[in-house]
Structure formats: C-alpha cells, structure tokens
Amino acid sequence: MTLNTPLLGISVLIYMIVVFYLGWIGYKQTKNTDDYMLAGRKVNPFVLALSYGAAFISTSAIIGFGGYAGAFGMGVLWLVAMNIILGIFIAFIVFGSRTRRMGANLKAVTFPELIGKRYRSRFIQGFSGALITIFMPLYAGGVLIGGARFMEVALGIEYNTAVMLLAVIVAAYVITGGLIAVMYTDALQGALMFLGMGILFVLTYAKLGGVVKAHQALTDMAPLVPANLAAIGHTGWTSMPALGTPVWWTLVSTIILGVGIGVLAQPQLAVRFMTVKDTRTLKRAVLSGGPFIFMMAGVAYIVGALSNVYFMDTRGVIALDAAGGNIDKIMPEYIYSAMPDYFVIFFLLTLLAAAMSTLSSQFHTMGTAIGHDFYREFLMKGKLGNTITITRMGIATTIIISVALAYKLPPGIIARATAIFFGLCAAAFLPMYTGGIFWKRMNRQGATASLLVGTFASLFWLTFVNGKVASSLGISKAIFGVDTLLTGTWTFVDPILVATPLAFIVAIIVSLMTRPDPEEHVELCFKK
Amino acid sequence: MLGIDDPQIWIAYVLCFLSAIACIIYGALKWNDGE
C-alpha cells in the first residue's frame, strides 16, 4: 500500500526542516570537545528524559516487539515494567548519579573512557571501543532496515534508496552538530513519538469498546491459538506461555531479561548521564522518563496484542494470519487497516522519528568508540590531533558499515539483532560498570577478566549453543558437524543468563585475589 | 481482573501503570531537591 499523498510529503518536509534547524543549532553551539561529545554537560531534564527514551525506543520496539505481542500476547508487558523500574528509575537515580559524578571527576567524555579511566586501563577503553564498533552496526543495521522498510511502503521510495537516504540525513546532523544536535533532535522526535503513541492507545481502546471489553474479547480468543504455536507453549494472548516451553524461555530470557537488564549497560544511554550538570537534573528527568517508556513500549505491546480482536471482528482471523505470517507486519497492517487516514500519516512520522532518534545516538556512539576510544586513546596512546575531527571520521566510517549491513542482513532480523546487542553489552560491560561505580575494591584485573569472559562466553554461546543464531551462522555445523553443541532447553536459553552471571563471578573473584588499585586513584574516582 | 484471567498478566499490566505514575510523583517531589 502506498500513501503517496501531498499531505504526507508536506508533513515529512516540515519535519525534516525542523530537524535540520535543530542540527544547525547544535553545530553553532559546539565550541569544544565537551560540547561535541557530551552536549556541554548542561542538558535540561526534559531533553535528557526524551532523548534517553527516544534513543532507547526505536522502530524495533514499536514494530518488532509490538508484532511479537501480536503473535504471542501480553506477557511481554513484563519487559515494560522492567524498562520503567530498572531502565528509568534505577538507571537514573542509582546508576546515573554515580556515573555523572565519576565521569566529571575523571574528565571522561565517552562510556568506554569512563570505564577505562576508572581502572587506569587503555586496554579496557580500546577493547570496549572495538566491541561497540564491531557489534553496534548490527543493531544500527536493524534499526536502519526498520526505518527504510516503512519509507519504502509509505513514500513509495525504492528500499536501497531509502536506506541510503535515511543514513545520509541522520549522518549530516550527527557529524556536524555532535551530541547537542543529537539530543535536541531526539527531544523533538521523542515528543512526536509520545503524541503518536498516545493517540494510538486511545483510538484502539475506543474502537474495541473500552478497556475491560477489549481485554475480555482477547481472553475469549485463547482457543484460537494455532496448533503449532500451542505445541511450543502459547496459551493465549492474555496469559503467560506454559512454564519451561520454548516460547516461555524466549520471552523470559531473551526478551524480558536480555533487553530489560541489557539497557543498563548500553553505551549510548549510559553516556547521557554524563551530559547533565547535577544529580537534581537526573531526578527531574525521572518525571517524564517513566511515562515516556510506558507510552512507547507499553502502548505498542498492548495494541499489538489487541490487534487480534480487531482482525477477528473484521476479517475472522488472528493478527498473525492477517499479516501473512510475518510478525514484523502485524503493527503496520493494523495501523493501515484500523486507523483513520490522517492518523496513518502522523504515525508514519512517529516511526520515522523513532528510527532517526535511535540511529543518531548509535552513529554518535560508534563514531566516538572507533575514533576516540579505539584509535586515538588505545592505538595512538592519546598522542594524536583533535578529538572532534577524529570522531567525525569515525562516525562516517561506522555509518558506511551499518549501511552495508542493512543491505546484507536477512529479513525478520530486527528484534533479534537488537536483543543480541543488548545481551552482549550486559555480559561484557555490566559487571565492570556496576563494580566500577559501586565497589571501591573492584580493580583493573577484575574488570579486564570480566570484560573478556563476558564477551567471549556470550559469543561462544551465540555461536555454538543458541539454537536460532548458531544454526543460521553455521560455524558449529562446519566445525563439529552439529547445529548446536547442547540440545533441548539449552538451545532456547539466552546467553545473558549464562555469560552475565559468569562475568560477575569472575570480576569478584579476580578482584579479591589481586592487589587493590591505588587508594588515591580510587578516592579521586569516588570524590563527592 | 480488567478482563484478564491470568494474574501474571494483569499484575504486569497494573505494574506498568503504577511504575509510570510513581516516576511522575518521584520527579515532582524531588523537583527542588539536592546546585
């Protein structure tokens, strides 16, 4: 379906003009490295909350995970509760205030630099930067696909052109305006997303006769679960999957825990805690951050699940059948079919904003990781030119890699690519990040060991044990002649449940068995 | 409750609302708290 109306064209044009205006303001306000890397460390609480939320929520959450709720039901709401309690409240109040203070004490301008300076280790900074550079393009490629796919559908632009166009537009304001441009445009995009999802929430319940009536109709549809899904644990759209079944393990380990815990160690989100001038700003940001996540993820998952009632009433089929069996098409199909034309146009802008706000943060983080953390600080030992110039070259390089991946990645990869990156970040970064800001005894050796164990345990599990990833990579098959080294339930368990606890244990044991870091350095890190 | 029979789901549904409201209340109470 192509909605190539003049109204849509004009809306997109106005939106782009405002985005470029904000990007230009970012460029004009960027005077030094702190401005380019950390938005001058004086960001407003509403801008912080909207920027954090908009960078976190992409088309992956709305289309990918919303579609998952359409197929498997409301169990995924536990992820929303995790995202608000852990991803906003705990992240801002507990992690955020310590991260901000330590970042300022150590004059760190990126997440890998904060960790590297906490442990006085260029290796940790360089390795973390390399890890982000290698694996974040997978996540960015997924978001790029999501953004380009609906530009293709809505604007009638050819897919390959849409990928290139989206990347060039975002690159233009990220490279020139740095984090100020990223956060200003994020705030605009976040406000658009909030409004779009809010209207969708109200219209959906209104269309289905109110909250209780809509839920009851969905509950009554439980006998309609397809036999093949019921066989792997699907029990209905308003009940949890059967305990211990493949659907239950995927929901609980990969989606709820993988993304729910992984958010704490996302470099592009953690760096935002260093962009504010005091703890009060972080506390104020909670006010809008919590409702924002509810309005994004909560609404997407509730509406995704309820789309089953709409399709049953109008076509006599469940959502998965209405979307031709493709989970990623459930939300677009529902929006196009059930919503009035004027809202479809507004919702397309909402999705464009969701894709661009996440992409801009990814591009900025990948560019600083390869340019500043890996090349300038690790390879060149800090003895090289201007950080901003090198970072700009880094951003350009990683954008090219992400675009190449968007052309190469297989279809239906969006949600999985996102979950893989979140899980890897949790295993590699979370133990040394948590230990670094909460435990003075945590030392360089413990951090290095946990970084390496978390990274390689995660990659080993993905390559040789996790059913979906290992079988599509084919490395295990080539070496050992079997798709996965373990069988049964293990193949559904996400690496986060194995690699993250292992990395935490290694961090604690190695730290206690080796000499503490110098006391004066630790005191500097934790200075109030 | 709310047309949902499985307590594991309606608890999650209510928890999402309550945690979002708790964030609003916390942010408002701490608005002038702690330069």
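A: Let us begin with salt bridges. This is a predicted model. A search over all chains of the whole structure finds six salt bridges.

Q: What meets in a salt bridge with Arg118(A)?

A: The general idea comes first. Side chains of opposite charge can pair when their charged atoms come close. In this structure, the side chain of Asp517(A) meets that of Arg118(A) in a salt bridge, at 3.8 Å from N to O. Arg118(A) belongs to helix α6 (residues 111-118) of chain A, while Asp517(A) is in the loop between α22 (496-513) and α23 (519-526) of chain A, so the pair ties together parts that are 399 residues apart in sequence.

Q: How many salt bridges are counted between chain B and chain A?

A: The count between these two chains is zero. By class, the side of chain B that touches chain A has 15 nonpolar, six polar and five charged residues. The contact joins 26 residues of chain B with 33 residues of chain A. About 2700 Å² is buried between the two chains, and carbon and sulfur atoms give 70% of this area. Five residue pairs are found in polar contact across the interface.

Q: At what angle do the axes of helices α8 and α16 of chain A cross?

A: Two packed helices are described by the distance between their axes and the angle between them. Here, the axes of α8 (residues 159-207) and α16 (residues 341-379) of chain A cross at roughly 140° and come within 6 Å. The crossing of α8(A) and α16(A) is left-handed. By class, their contact has 25 nonpolar, eight polar and one charged residues.

Key
Residues numbered from 1 in each chain as written. Chains lettered and ligands numbered in written order. Predicted model: local features only at pLDDT ≥ 70, side-chain atom pairs only at ≥ 80, totals over all residues. Heavy atoms only, no water. Axes fitted to C-alpha atoms, helices over the stretch in contact; angles between N-to-C directions. Helix = DSSP H or I, 4+ residues; strand = E, 2+ residues; numbered from the N terminus. Left-handed = near helix turned anticlockwise from the far one by under 90°. Nonpolar A, V, L, I, M, F, W, Y, C, P; charged D, E, K, R; others polar. Contact = heavy atoms within 4.5 Å. Buried area = accessible area lost by both parts, 1.4 Å probe. Salt bridge = Lys/Arg side-chain N within 4 Å of Asp/Glu carboxyl O. Polar contact = N/O pair within 3.5 Å; in protein donor to acceptor, adjacent residues only side chain to side chain.
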